[in-house]
Amino acid sequence: MKHVSFLSFIFCFLLAPSSCAADNETESEMEPGRAEENVSSKKTIVVYFSQTEHTKAIAEHISEVVDADTWRIEALVPYTQADIDYGSSSSRTSVEQNDESARPKMKDARSNLDGYDVVYLGYPIWWGIAPRIILTFLESCDLSGKIVIPFCTSASSGIGTSDTQLHAFAPNATWMLGRRFAVGSSLETVRGWVNSVHPEKSGAYSMNLFVNGHKLTASMSSNSSASALRDLLEKGDLTILMSDYGGFEKVGPLGASLPANDEYITTEPGDIILYQGDKITLYYDVNAWNFTRLGKIDGVEGIDLKPILGDGGVTVVLSLNDNYTMLEDVGMPNPIERVEVFAVDGKLLGGSLERLRDGMNVVKYSMENGQTIIKKIIR
Ligand SMILES: Cc1cc2nc3c(=O)[nH]c(=O)nc-3n(C[C@H](O)[C@H](O)[C@H](O)COP(=O)(O)O)c2cc1C
């Protein structure tokens with residue numbers, strides 16, 4: 001479990017908000033506001049927990065933008081000022097947040113959210129993660145088939161993995177990536193985000209990754225870069241030869257340039273990043289640089305990505321489909337002894353493909369912008 005240390009939180013909280021994350025991060029992805037109108041026909045509810053009303057204010061903004069109902073999670077035993085004393089390691093919140101099994105009781109149960117398609121789920125960051133009462137809610141409520149969109153407020157911390165850690169507690173929901181808001185974020189800031197993520201309005205989507213016999217799913221970001229990647233994937237699966245770099249990532253050429261939305265990011269395992277506009281990277285460890293976030297592999301808390309991605313080079317198929325396309329077998333020898341390389345226009349080029357593993361045949365691949373990409377493969 002990721003848990004910020006007391007000292008680092010205090011440092012972030014009191015001294016250096018801009019270096020610890022996110023006030024400007026929240027503004028950078030904004031899209032312009034739009035006319036006052038409901039953004040969706042999907043029935044929406046904003047569920048939130050808020051101790052000092054900051055998250056409540058964001059919840060109310062979302063409700064106004066989407067014309068959604070709201071429901072506030074309240075603790076059966078309300079938190080007192082002493083309970084939320086983060087300076088004391090024995091305060092109620094410190095003890096609960098340190099105990100993975102803690103499930104503070106809710107004042108009112110909400111066993112189902114029948115009739116709602118979309119659930120925005122809001123919480124304050126407490127010691128780097130969501131308050132344990134959010135888990136109480138998730139475990140008590142059937143969110144199967146619903147789209148859940150997390151959001152949070154904090155003094156300075158970024159959202160970290162506080163949102164993706166929640167997925168395991170409602171595994172049958174369709175989770176979207178969450179968003180952290182600075183305290184006091186405006187209605188227009190919230191509107192920009194909602195318009196970019198809300199189903200029917202947003203570019204958010206799921207992508208599958210097929211690698212070394214594994215199928216991984218990823219929640220893709222709501223930005224122009226991820227949308228451009230989806231446009232590419234709608235034309236067909238992308239098969240990418242990736243090489244290992246730095247002991248923390250696999251990187252390979254996309255074969256096309258996507259618009260960049262760079263921000264300073266400290267990566268976490270599972271992050272899918274656009275690098276220099278035309279390379280895609282899958283992170284299995286930490287790095288920090290100006291990158292564009294494309295998405296995140298789901299459920300990475302429960303798996304070790306490194307053995308799945310393997311050592312050295314690896315072929316990864318990105319697809320919007322549950323199974324990647326199996327094209328007609330063109331009768332190439334297996335294992336491949338000779339690779340014929342075709343440009344998109346069918347013109348025979350020269351080339352080799354040393355990193356292809358046994359059991360894969362090249363149908364064609366192209367040379368675009370001086371880069372080599374496999375376009376189609378057959379297992
Ligand atoms: C027990 C506790 C722990 C907190 N831990 C963090 C933290 O790790 N990082 C951070 O930036 N803010 C932290 N905060 C500040 C809250 O996240 C922030 O004030 C939030 O906006 C409160 O939301 P609320 O008013 O909806 O309760 C913490 C606050 C409390 C009470």
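1. A residue counts as buried if 20 or more other C-beta atoms lie within 10 Å of its own, as exposed if 12 or fewer do, and as partly exposed in between. This cut-off is used in the points below. The model is predicted.

2. Trp 127 has 21 other C-beta atoms within 10 Å, and therefore is buried. Its place is in the loop between E3 and H6. The phi of Trp 127 is near 55°, which is a positive value in a residue other than glycine.

3. Is Gln 276 buried or partly exposed? Because 13 other C-beta atoms lie within 10 Å, Gln 276 is partly exposed. The residue sits in the loop between strand E12 (271-275) and strand E13 (279-283).

4. That loop is the turn of a hairpin: E12 and E13 form it with 3 residues between them, and Gln 276 is in the turn. The two strands pair in the antiparallel sense over 4 bridges. Within this pairing, Ile 272 stands opposite Leu 282 in E13.

5. E12 also pairs with strand E14 (residues 288-297), in the antiparallel sense and over 4 bridges. Here Ile 273 has Arg 293 in E14 as its bridge partner.

6. Why is E12 described as largely enclosed by the rest of the structure? It is because 5 of the 5 residues of E12 are buried. Both faces are covered, with Asp 271, Ile 273 and Tyr 275 on one side, and Ile 272 and Leu 274 on the other.

7. The largest nonpolar core has 47 residues, and those with the most contacts inside it are Val 47, Ile 62, Ile 134, Val 148 and Ile 149. Several elements each supply at least two residues of this core, among them strand E1 (44-48), helix H4 (54-66), helix H6 (132-140) and strand E4 (147-154). Leaving aside residues up to four places away in sequence, Ile 149 touches Val 118, Tyr 120, Leu 121, Met 176 and Val 197.

How values were computed: Residues are numbered from 1 along each chain as its sequence is written. This is a predicted model: local features need pLDDT of at least 70, side-chain atom pairs count only at pLDDT 80 or more; totals for chains, interfaces and linings use all residues. A nonpolar core is a set of buried Ala, Val, Leu, Ile, Met, Phe, Trp, Tyr and Cys residues joined through C-beta atoms within 7 Å. Two residues are in contact if their C-beta atoms, placed from the backbone, lie within 7 Å. Two strands pair if DSSP finds at least two bridges between them.
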